[in-house]
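User: Hi! Could you walk me through the metal sites of this model?

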Amino acid sequence: MKRYHPIIVAAHWVAAIMILVALFIGGPSLTELESTDPLKKTALGGHMIWGLVIGFLMLVRFVMRKTTKNPPPADAGSDMLNKGARSAHIALYVLVFAMVGSGLGIAFSADLFAVSFGDGSTPMPATFEGIPPRVAHGIIAWLITILVAMHVIAWAYHQFVRKDGLFSRMWFGRRSD
Ligand code: HEM
Ligand code: HEM
């Protein structure tokens with residue numbers, strides 16, 4: 001088996017783009033909007049749906065990963081690096097699910113689905129600062145950023161130093177050897 005299942009590949013790239021947009025554009029610009037800004041309600045609704053779609057894509061990927069044939073683990077050239085890669089991939093799943101979970105935590109503790117999608121009677125909280133899931137959401141955003149940067153460095157190492165064509169494993173094409 002040379003490549004991941006096409007559904008895993010498609011979900012990897014769509015989720016990756018959506019995560020990068022939420023991390024660097026959606027989330028930060030949402031935080032900058034004052035609660036009194038009428039745009040905040042719409043932006044919040046958009047961010048929540050965007051985040052839930054990311055969670056859904058990661059779930060699809062996870063289930064497909066467990067139920068389809070995957071390529072054998074890539075060899076980074078040392079036992080330590082191979083173990084690191086495995087842990088990093090597990091951590092990426094865990095952190096993205098934790099990001100969605102903490103986002104839902106903020107939404108439920110501040111009744112945000114009613115704020116964004118209700119009849120207008122639920123007020124936007126003055127601030128989210130200090131709510132524990134909000135603090136966690138900010139910290140996890142940093143951890144994902146660091147891990148994704150390491151993930152891209154690891155890919156570049158495989159692609160350009162080891163020249164093992166790692167990218168093609170996460171792309172479309174004939175899967176059998
Ligand atoms: C931004 C969020 C990203 C996340 C959360 C993410 C997550 C993952 C995970 C968990 C895997 C392991 C395969 C699996 O179990 O599904 C993987 C594989 C892979 N990713 Fe990403 N990824 C991201 C972005 C990127 C980017 C920007 C690149 C570009 C270089 C990339 C390139 C790859 C490649 C080439 C593989 C295959 C590695 C292998 O076969 O062992 N990923 N990714
Ligand atoms: C993987 C998915 C998600 C990513 C990458 C993401 C990213 C972010 C980022 C980067 C921030 C700004 C953090 C900061 O400045 O400290 C943020 C804020 C926030 N996110 Fe998410 N998020 C995701 C999912 C969700 C979900 C599913 C919900 C709710 C259902 C949600 C609700 C919120 C809320 C309420 C804020 C606070 C806005 C504010 O402080 O004004 N997020 N998100």
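This is a predicted model: local features need pLDDT of at least 70, side-chain atom pairs count only at pLDDT 80 or more; totals for chains, interfaces and linings use all residues.

User: Is His151 buried, partly exposed or exposed, and what is its relative accessible area?

Analyst: Residues are numbered from 1 along each chain as its sequence is written, chains are lettered from A and ligands numbered from 1 in the order written, and side-chain values use heavy atoms, leaving out hydrogens and water. Buried means under 20% relative accessible area, exposed over 50% and partly exposed in between, with a 1.4 Å probe and protein chains only. His151 is partly exposed, because its relative accessible area is 31%.

User: Which residues coordinate the iron atom of ligand 1?

Analyst: Donors are N, O and S atoms within 2.8 Å of the metal (3.2 Å for Na, K and Ca); water is not among the atoms, so sites may look incomplete. At 2.0 to 2.1 Å, the NE2 atoms that coordinate this iron atom belong to His12 and His151.

User: What is the arrangement of the six donor atoms around the iron atom of ligand 1?

Analyst: Six donors count as octahedral if opposite donors are over 155 degrees apart and all others between 65 and 115. Here the angles run from 86 to 179 degrees, so the arrangement is octahedral.

User: Which residues are the protein donors of the iron atom of ligand 2?

Analyst: Both donate through NE2 and lie 2.0 to 2.1 Å from the iron atom. One is in helix 2 and the other in helix 5, so the pair ties together parts 90 residues apart in sequence; helices are DSSP runs (H or I, at least four residues), numbered from the N terminus. The donors are His47 and His137.

User: Is His137 buried or exposed, and at what relative accessibility?

Analyst: His47 is partly exposed, with a relative accessible area of 21%. His137 counts as buried, because its relative accessibility is 14%.

User: Which helix gives the largest share of the shell around ligand 2?

Analyst: Helix 1, helix 2, helix 3, helix 4 and helix 5 each supply at least two residues of that shell. The largest share, seven residues, comes from helix 2.

User: How far is an oxygen atom of ligand 2 from an N or O atom in the side chain of Lys40?

Analyst: A polar contact with the ligand is a pair of N or O atoms within 3.5 Å. For Thr31, a polar side-chain atom lies 3.3 Å from an oxygen atom of ligand 2. For Lys40, the distance is 2.5 Å.

Notes. Four donors count as tetrahedral if all angles lie between 85 and 135 degrees; four count as square planar and six as octahedral if opposite donors are over 155 degrees apart and all others between 65 and 115; anything else is irregular. A polar contact is a pair of N or O atoms within 3.5 Å; within protein, one must be able to donate a hydrogen and the other to accept it, and residues adjacent in sequence count only if both atoms are side-chain atoms.
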